[in-house]
Amino acid sequence: MAVDVLLGLQWGDEGKGKIVDVLAPKYDLIARFQGGPNAGHTLEFDGKKFVLNTIPSGIFEENTMNLIGNGVVIDPIILKKELDKLKEAGHDLLAKKNLMIARKAHLILPTHQLLDASSEKKMGEGKIGSTLKGIGPTYMDKTGRNGLRVGDIFLPDFKERYNKLVAKHRDILSHYGEVEDFSDREAAFFDAIELLKQFPHVDSEHLVAKYLKEGKKVLAEGAQGTMLDIDFGSYPFVTSSNTTTAGACTGLGIAPNKIGEVVGIFKAYCTRVGGGPFPTELENEVGEELRKVGHEFGATTGRPRRCGWIDLPALKYAIMLNGVTQLVMTKADVLSGFEKIYACTHYKYNGEVIDYMPYDICSIKPEPIWEEIDGWNEDLTGIRQPNEIPAKLQAYITYLENQLEVPVKYLSVGPDRVQTLTLG
Ligand code: GDP
Ligand code: IMO
Ligand code: MG
């Protein structure tokens, strides 16, 4: 048995939550492996909509377990809010016993959020555009070997360890100016820790190995997208974790030879939220139209997403990095009614024509070279079978498969679970 991985190939928000929910019945375990509550994964079914930040997207499937892996950073306050909201909606995960948490996952402290905000403020115009959830500072403490982990909450000296880290943070914060009062958030943090204590805590590496040994199926759920990867994304305009398949290995404790299918998900166009390069961005009325029709506003922060046409050099790069074996195209319905759609096949860059992501994409703007493609007019939101796919959309899919050399296995034509087609 091997672990399948599902991850985003663009700059996030490709529809990972929706597709993981659709695939969940095929799996015994769904495991988040990196990122934290910077993620917002949206699921819709039976007229209901849920946005998950830390919790894996398999929780609505009766017979599937869920794991928050060691590579994830957890804000107990946000996790408690997520759990409370789910409980109100009739999904009490403590009672259902379908969520486990890795002991080695790191904790986001209230002061990590203050550090994130101060750092962004200091950078001014050049800021990353972070979600302000404290992600960067928490991973800094992890790699700096100062972090607090979920398993630490049971230690008799947890409060002292917490105070020691907060004292360090206060020191740093004082360089940015007066440290704001965070006593309310601190109280909420310790309150939420009590709830965190009630969930089963596991070592994800042993748990996943046990699942595989028993012949059970595991799906690793990515957050963010490949172009936000700390090593290979549009650095420094990235998040602070490895969002790629390699991140699933370190974020759950899986040996690389235990990776099976890698499902890469992309929108039929492209979006990005926050700062940084976006070669195919449309800062015009077409971009506005994509934003309006696609409801392109952040699931976590509500910020308008920047919109543009599909970027094939970036997608090819993402497919290479992740070893993608199957593709999922989402939001095809959003393109209905565009007379022509465009795909960027190459960039003009430094006087050359290239088909790869250049190193200094942040300082020299690559200029897209476009291929014009016929659009389709049909409303796709009601189609359920591959034979209902309009010819021009089928031509777009075939074009992408030829360019990307990976088959499109699923097509999403709306936000609801049922608006998903299995192809081929
Ligand atoms: P994630 O972070 O990758 O899980 O994606 P988000 O949930 O942040 O953003 C995707 C948005 O598109 C959500 O509002 C989804 O409900 C919605 N969505 C997903 N698939 C489709 C689709 O095929 N068509 C349309 N119109 N919306 C979709
Ligand atoms: P999901 O899982 C889209 C972006 C932020 C910012 C950069 C760094 O829903 O696809 P961070 O808070 O991580 O330090 O922010 O990364 N970003 C996302 N963009 N979807 C996400 O998650 C994102 N998580 C972070 O906007 O540009
Ligand atoms: Mg999202």
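This is a predicted model: local features need pLDDT of at least 70, side-chain atom pairs count only at pLDDT 80 or more; totals for chains, interfaces and linings use all residues.
Student: Is aspartate 13 buried or partly exposed?

Tutor: Aspartate 13 is partly exposed, because its relative accessible area is 22% and buried means under 20%. Glycine 40, with a relative accessible area of 11%, is buried.

Student: Okay, on to the sheet. How many strands form it, and in what order?

Tutor: The open sheet has 10 strands, in the order E9-E7-E5-E2-E10-E1-E11-E15-E19-E20, and its pairing is mixed. At the edges are strand E9 (201-202) and strand E20 (420-422), each of which pairs on one side only.

Student: What packs on the sheet?

Tutor: Helix H8 (residues 204-213) does. Helix H8 touches E1, E2, strand E5 (65-68), strand E7 (99-102), E9 and strand E10 (218-221). The direction of helix H8 makes about 150° with that of E5.

Student: Tell me about E2. Which of its residues are buried on each side?

Tutor: Leu29 and Ala31 are buried on one side, and Ile30 and Arg32 on the other, so both faces of E2 are covered.

Student: How many bridges join E2 to E5?

Tutor: There are 4 bridges between E2 and E5, and these strands run parallel. Within that pairing, alanine 31 stands opposite leucine 67 in E5. E2 is also joined to E10 by 4 bridges, again running parallel, with leucine 219 in E10 as the bridge partner of isoleucine 30.

Student: And what about E1 with E11?

Tutor: E1 and strand E11 (residues 259-267) run parallel and are joined by 5 bridges. Isoleucine 259 in E11 is the bridge partner of valine 3.

Student: Switching to helices: at what angle do H4 and H7 cross?

Tutor: The axes of helix H4 (residues 110-123) and helix H7 (residues 183-196) cross at roughly 135° and come within 9 Å. That angle makes H4 oblique to H7.

Student: Which residues make the contact?

Tutor: H4 brings Pro110, Gln113 and Leu114, and H7 brings Arg185, Glu186 and Phe189. By class, the contact has 3 nonpolar, 1 polar and 2 charged residues.

Student: Nice. How about histidine 169: where is its place, and what does it touch?

Tutor: Histidine 169 is in helix H6 (residues 158-176) and is buried, with a relative accessible area of 0%. Not counting residues up to four places away in sequence, histidine 169 touches Leu109, Thr111, His112, Leu115 and Asp141.

Student: Last one: why is helix H9 described as largely enclosed by the rest of the structure?

Tutor: Because 6 of the 8 residues of helix H9 (residues 245-252) are buried. The buried residues in H9 are Thr245, Gly247, Ala248, Cys249, Gly251 and Leu252.

Student: And what follows H9?

Tutor: Glycine 253 follows H9, and its phi is positive, near 85°.

Technical notes:
Residues are numbered from 1 along each chain as its sequence is written. Chains are lettered from A and ligands numbered from 1 in the order in which they are written. Side-chain values use heavy atoms; hydrogens and water are left out. Buried means under 20% relative accessible area, exposed over 50%, partly exposed in between (1.4 Å probe, protein chains only). Axes are lines fitted to C-alpha atoms, for helices over the stretch in contact, and angles run from 0 to 180 degrees between N-to-C directions. Helices (H or I, at least four residues) and strands (E, at least two) are DSSP runs, numbered from the N terminus. Angles under 35 degrees count as roughly parallel, over 145 as roughly antiparallel, 65 to 115 as roughly perpendicular and the rest as oblique. Contact means heavy atoms within 4.5 Å. Ala, Val, Leu, Ile, Met, Phe, Trp, Tyr, Cys and Pro count as nonpolar, Asp, Glu, Lys and Arg as charged, and the others, Gly among them, as polar. Two strands pair if DSSP finds at least two bridges between them.
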